[in-house]
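Subject: Structure handover

Hello,

Here is the structure I promised to pass on. Please open it beside this note and follow along.

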Amino acid sequence: MVQGSLPAWCRIVREITPDVAAAFDSRPTVRSPGDAAVYFAKRLAAEEVEVFAVMCLDAQSRVISMQEVTRGLVNSSLVHPREVFRLAIAQGASSIIVAHNHPSGILTPSAEDRAVTTSLVDAGKILDIPLHDHLIIGMDGHYVSFANTGLL
């Protein structure tokens with residue numbers, strides 16, 4: 001037997017202690033575009049370049065993680081579905097919400113924004129990880145929701 005290894009008859013069990021269970025249950029739940037916008041705005045509103053991020057949600061719409069996917073130029077950020085869904089799959093997400101900022105302060109979705117959203121919706125259908133919304137965050141924390149405006 002190699003030093004530090006366990007015998008074959010032994011197995012390691014990870015127990016969820018009350019403090020770990022409480023931390024798991026205290027994760028924020030996203031019930032509306034406004035809920036998601038609050039979390040995204042904290043991270044994206046002050047950025048001087050366009051940043052695209054994904055929020056991974058569990059089956060109860062609790063936040064698993066929120067991660068930056070790409071960082072771009074003043075007025076663009078290249079994003080591909082494989083980067084977004086690679087993160088979602090790695091986190092075991094049941095669904096996702098994506099967001100990016102518009103440093104210009106103009107919140108009108110561009111043709112590129114709409115094309116990216118369509119690609120993400122299509123990829124999500126194949127992977128069974130739905131895209132619930134795409135938010136555009138302004139410098140002042142205001143936002144536009146693709147779901148609320150009928151673009152999703």
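Below is what I found, starting with the whole chain and then moving to single elements.

**Overall layout**

Keep in mind that this is a predicted model. The chain holds four helices and five strands. Along the sequence they follow the pattern α-α-β-β-α-β-α-β-β. The chain has 152 residues, and 38% of them count as buried. Take the contacts in the chain with a separation of 6 or more: 67% of them come from residues 24 or more positions apart.

**The sheet**

The five strands make an open sheet, and its order is β2-β1-β3-β4-β5. The pairing is mixed. β2 and β5 (143–145) are the edge strands, and each of them pairs on one side only. From one strand to the next, the twist averages 20 degrees.

Strands of a sheet pair through backbone hydrogen bonds, either parallel or antiparallel. Two pairs are worth a look here. β1 and β2 are antiparallel, with seven bridges. In this pair, Val-54 stands opposite Gln-67 in β2. β4 (residues 131–137) and β5 are also paired in the antiparallel sense, over three bridges. There, Ile-136 has Val-144 of β5 as its bridge partner.

**The β1–β2 hairpin**

Five residues sit between the strands of this hairpin. Ser-61 takes a positive phi there, near 65 degrees. Arg-62 is in the loop between β1 (51–57) and β2 (63–71). Is Arg-62 buried or exposed? Its relative accessible area is 15%, so Arg-62 is buried; the cut-off for buried is under 20%. The side chain of Arg-62 also makes a polar contact with the side chain of Gln-60, at 3.2 Å.

**Helix α2**

Helix α2 (residues 33–44) lies across β1, β2, β3 (95–101), β4 and β5. It runs at about 45 degrees to β4. Its length checks out. At 1.5 Å a residue, the 12 residues of α2 should span 16 Å. The end C-alpha atoms are 15 Å apart, which agrees.

Which residues of α2 are buried? They are Pro-33, Ala-36, Ala-37, Phe-40, Ala-41 and Leu-44. Viewed down the axis of α2, these buried residues fall within an arc of 135 degrees, so they line one face of the helix. An α-helix has 3.6 residues a turn, so residues three or four places apart point the same way. The buried residues of α2 pack against β1, β2, β3, β4 and β5.

What does Ala-37 touch, leaving aside residues up to four places away in sequence? The answer is Leu-135, Ile-137 and Tyr-143. Ala-37 and Tyr-143 are 106 residues apart along the chain, yet their C-alpha atoms are separated by 6.8 Å.

Helix α4 (residues 111–127) lies across β1, β3 and β4. It runs at about 160 degrees to β4.

In α3, the buried residues are Pro-81, Val-84, Phe-85, Leu-87 and Ala-88. They cover an arc of only 150 degrees around the axis, which puts them on the same side of α3. Among the elements that cover these buried residues are β1, β2, β3 and α4. The face of α3 turned away from the buried side carries exposed residues: Arg-82, Arg-86, Ile-89 and Ala-90.

Pro-81 belongs to helix α3 (residues 81–91). Pro-81 counts as buried because its relative accessibility is 17%, and buried means under 20%. Not counting residues up to four places away in sequence, Pro-81 touches Ser-119, Leu-120 and Ala-123. Another residue to check is Val-116: Pro-81 and Val-116 are 35 residues apart in sequence and 8.0 Å apart in space, C-alpha to C-alpha. After α3 comes Gly-92, with a positive phi near 70 degrees.

**Where to start**

For a quick tour, begin with the sheet order, β2-β1-β3-β4-β5. Then find α2 lying across β1, β2, β3, β4 and β5. Finish at Pro-81 and its contacts with Ser-119, Leu-120 and Ala-123.

Best wishes

Methods:
Residues are numbered from 1 along each chain as its sequence is written. This is a predicted model: local features need pLDDT of at least 70, side-chain atom pairs count only at pLDDT 80 or more; totals for chains, interfaces and linings use all residues. Side-chain values use heavy atoms; hydrogens and water are left out. Helices (H or I, at least four residues) and strands (E, at least two) are DSSP runs, numbered from the N terminus. Buried means under 20% relative accessible area, exposed over 50%, partly exposed in between (1.4 Å probe, protein chains only). A polar contact is a pair of N or O atoms within 3.5 Å; within protein, one must be able to donate a hydrogen and the other to accept it, and residues adjacent in sequence count only if both atoms are side-chain atoms. Two strands pair if DSSP finds at least two bridges between them. Axes are lines fitted to C-alpha atoms, for helices over the stretch in contact, and angles run from 0 to 180 degrees between N-to-C directions. Contact means heavy atoms within 4.5 Å. The expected span of a helix is 1.5 Å times one less than its number of residues. The arc is that of the directions from the helix axis to the C-beta atoms.
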